[in-house]
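Hello,

Here is the structure we spoke about. My notes on it follow below.

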Amino acid sequence: LQIVVTILNVNDNVPVFKQTNLTEVVPEDTKVNATIVAREDLSASDADLDIIFYELTATVQGTDGYFAIKGVNNPEIYLQKALDYEKFKLTTLFLYARDRPVGSTDITHTATATINIFIEQADTKPPWFLPCTFVNTEKSVCISSPYTGRVNISEMSTEPLTLEPGPIYAIDPDYTINEKIQYSIVGGDTDKVFSVDADTGNLTMNKVATSPDSYLLQVMATQVNNIQKYSVVSVEIKVVNKSAYPPNFESRIYNGTVFVGLVPRSFVLQAGEPSSPLMITAMDEDFPDV
């Protein structure tokens, strides 16, 4: 009597990953659709020889949609959306491997691999002149105001000029890279009256200003490692007559009167003259006609 015995394969094995914990460092400027983790590093095996179904999820809030797998049966992870170091610097992905499709009523075994993603800041932003104001919530764009200063006509200053709201200064906003910045005047100084120190940004005079007209300089900050990363700011230098005398108040003491219950922005009246607003005036001998 010949007896044929057929062994039926029972789903009694769990899928197994080659590695259950991976760490990847991803540059911020990685191109969309680039492979982050190869299929060979993530494929799971199953002793039951079942087809493996994969699913990828992100655990850090706000990082969904950046990374995806090629397909339900292809665990290769690729970049789906451009990265921004200011938005997030790391995330953790969970890759699930199942021996049955999601939603199957059959007995299903699942394995999990953890992928830690660290974002490496790239040199993506041009220099920022400080102080500056952020124009978006991600703080990826910062706009500076013009610098202003003044010099006396026909007078040579040997010290760096004092500017408002502060000295000329720019930084590399890609702060983990922090490339060196150099400065240069690229416009508004046809007479070569001014110079800017390439390393410090200090603005000095080469010769006297003989015209009462203001100078509107254009100063450029450039990254030393990449001249295509630059920013330009305006510096207005007003040419004024030298001030030899300090201003003086016309009186050392002013006396005024206010009444109880006055609304804000009401006039303060001169003491003894209830119909005349209190006037505080000063004189400057440099400007006798003003």
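P15 sits in the segment before β1 (16–17); strands are DSSP runs of E of at least two residues, numbered from the N terminus. P15 has a relative accessible area of 3% and is buried (under 20% relative accessible area, 1.4 Å probe, protein chains only). Its C-alpha atom is 9.7 Å from that of S43, 28 residues apart along the chain. Beyond neighbours within four places in sequence, P15 is in contact (heavy atoms within 4.5 Å) with residues including A44, I52, R98 and H109.

This is a predicted model, in which local features need pLDDT of at least 70, side-chain atom pairs count only at pLDDT 80 or more, and totals for chains, interfaces and linings use all residues. Residues are numbered from 1 along each chain as its sequence is written, and side-chain values use heavy atoms, with hydrogens and water left out.

R100 is in the loop between β8 (90–98) and β9 (110–120). R100 counts as buried because its relative accessibility is 19%. Its side chain makes a polar contact of 3.4 Å with that of D50 (a pair of N or O atoms within 3.5 Å, one able to donate a hydrogen and the other to accept it; residues adjacent in sequence count only if both atoms are side-chain atoms). Leaving out neighbours within four places in sequence, the contacts of R100 are N11, D50, F53, D106, I107 and T108.

Regards

Terms used
Helices (H or I, at least four residues) and strands (E, at least two) are DSSP runs, numbered from the N terminus. Buried means under 20% relative accessible area, exposed over 50%, partly exposed in between (1.4 Å probe, protein chains only).
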